Amino acid sequence: MVSVKGLQLTLLVVLLNATAGNAYRWFNWQYEVTCESDGYYAPLTEKGLSAWLKVQYTQGSHIKVVGNGHGFNNLTQCVDTSLSNKTSHIVSMTNFKSLSVNKTAGTVTFGAGWDVFDIINELKAYDLSFDNLGAERVQNFVGAASSGTHGTGAEIQNIASQITGMRVLDAMGQTHIFNDTATPEMMKAFRINLGALGVITEVTVKVQPTILLKKTTKVLNATSNYTEMYSQMSELYKQHDRMTFWGPHFDWNEETKTFDIEPQYYYSYWEPTNYTDVQNCTVNYCSDGCGYCLSEYTCYGETSDAVSDPPQGTCSRNFYAEIEHFFPIKYLTDAAVNYTMFQRSQIPQMTAGYNDVMIFQIRHIRGDDSYMSPLNTYNLPDGESDVFGVIEIDWIQKYNNFTALWQNQDMAFSFLPQFGETYNVTAHWNKMLPPTPQYNLERYPMLPKFLAIQEQMDPKCQFVNTFLYEQLGIERCANYLTM
Ligand SMILES: Cc1cc2nc3c(=O)[nH]c(=O)nc-3n(C[C@H](O)[C@H](O)[C@H](O)COP(=O)(O)OP(=O)(O)OC[C@H]3O[C@@H](n4cnc5c(N)ncnc54)[C@H](O)[C@@H]3O)c2cc1C
């Protein structure tokens, strides 16, 4: 039991080690995921965070650790104060900016406060870079890893797979240190943790000496003969290791109330190069489908610059709904054809207006052994290739209207029930997946192990929110609002 005096001392330590505030409303990047919390807590030190967690544990408070909220799902939604009598907190690790480079080991150890964009720039000074990233760099590194963020490439895994060690605080404020050598099995649970296992304060990540890439972009003709179009893509995937298709693109036709396919779309592939002259990939991003990208060009750049957008490279931030589904690569043509036809059958339901453009993005990515990775190889039959096909569909609006956004998000939910079983689909954790605990149990064979660790790290379900409860089926937390 904590003495009153002890508690006061603990509170003092907490106050001296944090930037905190009163009632705080949380929003994700496009303002549709929101919640009212009792406070925003940004610890300054691990010791202060630990003391704060100890206090919260005695009270059973709700805690939601957030990165930059750059997702489409309720992963970062706190328990709204209207739903529970317990206090509810948003925790940001933004002040954790330690950095130490071990060139001999080829690793960098850094605090959980680093955003991807900033850590990349810092690493350039050491002539180091990450091997793989998502299409953008606006995320917090730990936030991106924790949800399974990935880029593209048959030999490339998601960015969490680059993490070789970490420090994590559990709900009781105890520090755990995991790494690939001493605790490899725990690393499989913690790399993609969905914010359910505690607060990560620091990660150690594999890096590489700067590698220069040549990015080649080519234009293709689109056709409503989807089988022909997607067969061509599947063939090209056999030729290039690291490739993304930005397309097909469809434009909203206000007169006919449908999407018309654009006549052309484009794809990019990346190859290592010795070319060290002008590094120009950062002057023409196009990797999020904006700007005038429908032209054939080559550019050169350091890996991060060549494969992902810095914040200034994103030209449009209109509301959008998005799905991203993963399945064994052998289904690529068939799945892409059927997703496209199913989407077309949904158009009559898109009545709310404000539609602008719909973009398909097709990638491929290699599987991994993180328990909660959508690309987990535990879920593959023996002998199956561990390369996954990835279909993303973006429904982008011309005006930020919530009714239209919610209608499109509802539609986005319908793809998993339609295709999940057929193509052994998993979905990006932060991109519009319907609540499917039974389905997830089948697709994530390590889910029971993950939940056992979750119970040890968070006995009172303080890190649980509706999303985690509904997706993972955490039955012991059924009463997490009151327990
Ligand atoms: C426009 C756009 C483009 C995108 N492109 C891609 C892409 O190319 N590829 C891709 O895979 N994804 C992509 N995403 C998805 C995005 O990368 C993920 O949603 C990512 O999680 C966002 O990072 P974040 O820092 O905002 O994390 P958040 O959404 O804030 O958090 C993600 C998870 O991490 C947990 N978390 C954060 N910090 C900690 C911590 N210190 N300790 C414990 N848990 C923590 C949170 O609780 C949450 O569960 C895109 C999203 C958008 C909006």
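## Reading helix packing, domains and a ligand shell

Author: Helix α6 passes helix α8 in a right-handed crossing. The model is a predicted one.

Reader: How is the packing of two helices described?

Author: Two numbers do it: the angle between the axes and the distance between them. Take α6, residues 226-239, against α8. Their angle is about 140 degrees, and their axes are 9 Å apart.

Reader: Why are α6 and α8 called oblique to each other?

Author: Over 145 degrees would count as roughly antiparallel. The angle here is about 140 degrees, so α6 and α8 are oblique.

Reader: Which residues make that contact?

Author: On α6, Y226, T227, Y230, S231 and S234 take part. On α8, the partners are L332, T333, A336, V337, T340 and M341. Sorted by class, the α6 contact with α8 has six nonpolar residues, five polar and no charged.

Reader: At what angle do α8 and α10 pack?

Author: About 160 degrees, with the axes 11 Å apart. Here α8 spans residues 332-346 and α10 residues 415-423. The pair is therefore roughly antiparallel. The crossing of α8 past α10 is right-handed.

Reader: Which residues of α8 and α10 meet?

Author: α8 brings A335, N338, Y339 and F342. α10 brings F415, Q418, F419 and Y423. Six residues of this contact are nonpolar, two are polar and none is charged.

Reader: Next, the domains. How is the protein chain divided?

Author: Read the bounds, then the contacts. Domain 1 is 8-92, domain 2 is 99-210 + 442-480, and domain 3 is 212-441. The centres of domain 1 and domain 3, taken over C-alpha atoms, are 33 Å apart. Six residues of domain 1 contact 10 residues of domain 3. The domain 1 side of that contact holds two nonpolar residues, three polar and one charged.

Reader: How many residues surround the ligand?

Author: There are 31. G67, G71, G143, G195 and N430 are the closest. The elements giving two or more residues to the shell are β5 (62-66), α4 (141-146) and β12 (199-206).

Reader: Which element gives the largest share of the shell?

Author: α4, with four residues.

Reader: Which domains give at least three residues each?

Author: Domain 1 and domain 2.

Reader: How do the shell residues divide by class?

Author: Into 12 nonpolar, 18 polar and one charged. Read this with care, because Gly counts as polar. Among the closest residues are G67, G71, G143 and G195.

How values were computed
Residues are numbered from 1 along each chain as its sequence is written. This is a predicted model: local features need pLDDT of at least 70, side-chain atom pairs count only at pLDDT 80 or more; totals for chains, interfaces and linings use all residues. Axes are lines fitted to C-alpha atoms, for helices over the stretch in contact, and angles run from 0 to 180 degrees between N-to-C directions. Angles under 35 degrees count as roughly parallel, over 145 as roughly antiparallel, 65 to 115 as roughly perpendicular and the rest as oblique. A crossing is left-handed if the near helix is turned anticlockwise from the far one by less than a right angle, and right-handed if clockwise. Two residues are in contact if their C-beta atoms, placed from the backbone, lie within 7 Å. A residue is near a molecule or strand if its C-beta atom, placed from the backbone, lies within 6 Å of it. Domain bounds come from an automatic or database domain assignment.
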